[in-house]
Structure formats: C-alpha cells, structure tokens
There are 2 protein chains.
Amino acid sequence: MKDDTPTSAMVVIGDEILSGRTRDANMHHLAGVLTEAGAPLKEVRVVADDREAIVAAINELRARNTYVFTSGGIGPTHDDITAECVAEAFGVGIDVRADAREILLAHYGDPDKLTPSRLRMARIPEGASLIANPVSGAPGFKIENVHVMAGVPLIFNAMVESVRPTLEGGPPMLSHAFRIPMAEGDIAGPLAELAAAHPDISFGSYPFYQGGYGATIVARSQDRDELAQAAEALRAMCKALGAANVTELPPL
Amino acid sequence: MKDDTPTSAMVVIGDEILSGRTRDANMHHLAGVLTEAGAPLKEVRVVADDREAIVAAINELRARNTYVFTSGGIGPTHDDITAECVAEAFGVGIDVRADAREILLAHYGDPDKLTPSRLRMARIPEGASLIANPVSGAPGFKIENVHVMAGVPLIFNAMVESVRPTLEGGPPMLSHAFRIPMAEGDIAGPLAELAAAHPDISFGSYPFYQGGYGATIVARSQDRDELAQAAEALRAMCKALGAANVTELPPL
C-alpha cells in the first residue's frame, strides 16, 4: 500500500461484546465499506464502558489515522458515556445543542417525551457536526477526524451510509482470491517464491478446514494490471502443484 | 468488579479481518469462555499482519492484564509472522524446537512432508511451553502470560480447550438479564435511580430494534445474593413501568 493511502481505525465500545453476551457485527460491516472507499481499516480496539479506556483509545488512534469511527455508548442510559469521553479526548465542552434537540423533538413528536434521559442524546461536543440517523432520530456526530456512531447494527449501518459520501479515499485496494483445496504447508514454498518475485503485490494465505484442509490465497494491489499478472502467476502455481477444483474470486 | 479479579486481553492478528473478507469468530468464543473462567476480557485489539503493530499490542496488553491471548498468524506461509513477533516482544530467540518438530512428524507421518514451510510451525520462542492442537498437530505456545493460538476457528477453539484448565480465575461474574420491549429512553430514568441505589451492581443497557424498540438490561455482580436483590428491584421497575412481555435470563 502506498504511504499516502488514507487509513482508518475503529473503537468498539461495550461491555456486552467483551463479556460474550453480544456478538459484534459492526466491525465486519465497516471493514468492507472502508476497503471499498479506499480508506482501509488498519486497527480496531474493543474497549469496556470505561472512561479512561475510551479516551485513551480515541486519542491514540486519531493521532495516527486519517479517520476514526466509534460504535456504541451514545444512547440515553447512564452507562452511555461515549459522547462525554469524546469531548474529554478533544478537551472541549459538551452540552445539549439546539439543532440536535430539534431533531429529537421532530422524531418523538411530543415535548413531554423529551425526558432528561432522552435529552442526553442531544449532548454534542463543541465544534462537532451531526451525523444523520434516519432510523431512530438521535444523531451521531463528527469532530475533526472522529465519527461517533451508535452500536445497534441497524442504526450503525444507517450512520455509515450518512458518512460514506464524505470519505476521501485513495485508490481502492483490489484483491484477487484463489480458494485452493490443498494444505497450506504444501502451498507455502511456491507461494513464498511467487511473493518474492512480485514484491509490489501483497500475498496473504488464509487457511480453512472444511472436511479437509485448504487455503484461500489473496493477492492485493491498487494496480489492476499488476494484480492481473499476479493472478496469472497464481494460476500457473496451482497448475504446477496439481491443485484441482480451485475457485477464483476476481476483483470486480 | 473487585480490583484483584484477573483480567484478560486478546490480540486478533489478520489483514483478512480488517479488509472485511473474513468475519472474526474467535473473539466472541473466547469472551464467553473467559467470563465463565472468571478472567474476563477487558480489551481486544485487531491488528494487521505487521511486525511493529503486533509487537506493540502484545507488550502493552501483557503488561496490564493477567492473561493475553493471540489468534492468527502461526501457520506455514510467509505472511505468518506472529511467532517471531512474540519472541521479539519478549526479547528472546526463536528456533525450531525438537518437541514441536516431533509433534509435526507424528501428525504428518512422513519426514518428507516436513518441508521448510511446515517446519516454520515448529519454531518456538525460548522459554515457551507448548499448547496442544488436537486438530492439526502444529502446536500453539505459552510464554509467561501470553497464549499464542491459531486463527482457524476450529483450531483456535481446540487450543482454548487445551488452555482452559490452566486458567486461574476469580469468582465468575454473574449476570441477570431482562429483555424489555420498551424504548431505552423510557427505561433510562428509573434505571439510573436503581443503579444509584445499588452501587455495587453494574447495570448495562443494550438497545435492540426488532420491529420495535427494546432494551436488554443486564445486572452484573460476583455476589449471587446481591444480584438476586438487584433482579427483584428490576422486576419492580418493569412492573412500575407497565412493561409487558419481559423475558428474564437469570444466572445459571
């Protein structure tokens, strides 16, 4: 990957993921979107509903990535502390903001429903812009390069769609995959030679076990022509290995 | 949670997770096992197949947790670099070790199959002990408090079972969950009061959307009696809110 390619990081906030009660779904979704957008995910941290942990993760990751995305902890309950942690990370104040309050009012329709708990969701750090939430009203927000979004997958995904057009990515990373029903140990030698012969292509090998051993070999590049040459070399390698029933997933 | 409760951290190693090609399954599995074992997961990092990132994650996490578990990057191919990164993190050497080589030989049955690529899987950092892999032979290893395991879920899970009896956990964290078909915003006020009245219990609220809004309220404690009192208070709260069709998931 070229050094000026934008990079992204994610902070997943939630005790329920770490306890094993809930299976995170947002990371996988965001990963695919960011690969497509040309701002690939370089690191993810899953942290507890803990002030110090959230602030540290946001500050470390925003310093070294083009974009940061958080998931979780912006609801109305006492354990939702992400918004104030983000304000603390940036050293700015946080309060209920008129535009966010208007959005909640429009969503709930009745001022009596804007309880103090719900109004927590209109607290926005100073200097942030809002991220639309077409599902349940309460907005996310963006401050500098950090996008703060909900944890419920349906709402998270909707917020990702709100943010997606604003992302400025580099050329997308293309990948060409070969699913080879042979043990990785029998592929590794020729693959290492092939990787050495194509130093500009990144080759990954991802073993699987489904009744028998196999490996998915993935070549990655931002250059479509170089990738096609690598795929041709992988085809020759499979043939030399006598691999039958190889499945290819070429780039779109 | 009491301050002397053991804690765990996980490092998931793999470009394929970050690119969105593969959905991680190991974190969720390990999280449940560690909660049961009384050494709950406090943080997870997903990092690329990158030497510097892997070494930094291992060193930061092993310094502040009782146990660290890694997943991925110990196969036979050139992009499997976890074992040497762990050796570097501990500042020790790494080489093919006789006992690990014997295990591979027993698994493959034929010395000719012990190619240089496969022998990479017998490289063990100095001072480590082996973790049994009943699925595919090639062992994981443990060095000080760091457990290095495979990324393929079937093998990862088998290694977790090899390690599980060695973990010394604190009293397990018990949880009692209430699935309430009401919007979080209508629950948040009474829940915050209830949390203030039971300062030794951790209360979490996890919203869901399935045709309508709802929230799973989870009370957590290591003390079964205190947890039962909190559950009783939650039942009274649901009644006062007029919540119908509440589902309980009491601790086992």
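## Cavities

By the rule applied here, 4 cavities of 30 Å³ or more are counted. The model is predicted. Rolling a probe the size of a water molecule over the atoms shows where empty space is left.

## The largest cavity

The largest cavity holds about 120 Å³ of space. Residues of both chains line this cavity: from chain A come Ile17(A), Thr22(A), Arg23(A), Asp24(A), Ala25(A), Met27(A) and His28(A), and from chain B come Arg23(B), Asp24(B), Met27(B) and His28(B). Helix H2 (26-37) of chain A and helix H2 (26-37) of chain B each give at least two residues to the lining.

By class, the lining of the largest cavity has 4 nonpolar, 3 polar and 4 charged residues. Among the charged residues of the lining are Arg23(A) and Asp24(A), with Arg23(B) and Asp24(B) from the other chain.

## The second largest cavity

About 90 Å³ of space lies in the second largest cavity. The lining comes from chain B: Gly73(B), Ile74(B), Gly75(B), Asp80(B), Ala83(B), Glu84(B), Arg120(B), Met121(B), Arg123(B), Ile124(B), Pro139(B) and Phe141(B). Two elements of chain B, helix H4 (82-90) and strand S5 (123-125), each supply at least two of the lining residues. The lining of the second largest cavity divides into 6 nonpolar, 2 polar and 4 charged residues.

## The interface of chain A and chain B

In the contact between the chains, 61 residues of chain A meet 61 residues of chain B. The buried area is about 4700 Å², and carbon and sulfur atoms give 56% of this area. Arg21(A), His28(A) and His78(A) supply 14% of the area that chain A buries against chain B, more than any other three residues. His28(A) is also one of the residues that line the largest cavity.

## Polar links and elements at the interface

Between chain A and chain B there are 2 salt bridges. One of them joins Arg118(B) to Asp186(A), with the closest N and O atoms 3.1 Å apart.

On the side of chain A that touches chain B, the elements giving two or more residues are helices H1 (15-18), H2, H6 (116-119) and H8 (184-197), and strands S2 (41-47), S9 (174-180), S10 (202-209) and S11 (213-221). H8(A) gives the largest share, 8 residues. By class, this side of chain A has 27 nonpolar, 18 polar and 16 charged residues.

Note on methods. Residues are numbered from 1 along each chain as its sequence is written. Chains are lettered from A and ligands numbered from 1 in the order in which they are written. This is a predicted model: local features need pLDDT of at least 70, side-chain atom pairs count only at pLDDT 80 or more; totals for chains, interfaces and linings use all residues. Side-chain values use heavy atoms; hydrogens and water are left out. On a 1 Å grid over the protein atoms alone, a cavity is a set of points where a 1.4 Å probe fits but cannot get out, and a pocket is an open set with protein on both sides within 12 Å along at least five of seven lines; lining residues have an atom within 4 Å of a point. Grid points are joined across faces, edges and corners, and a volume is the space filled by probe spheres set on the points. Helices (H or I, at least four residues) and strands (E, at least two) are DSSP runs, numbered from the N terminus. Contact means heavy atoms within 4.5 Å. Buried area is the accessible area (1.4 Å probe) that two parts lose on being put together, summed over both. A salt bridge is a side-chain nitrogen of Lys or Arg within 4 Å of a carboxyl oxygen of Asp or Glu.
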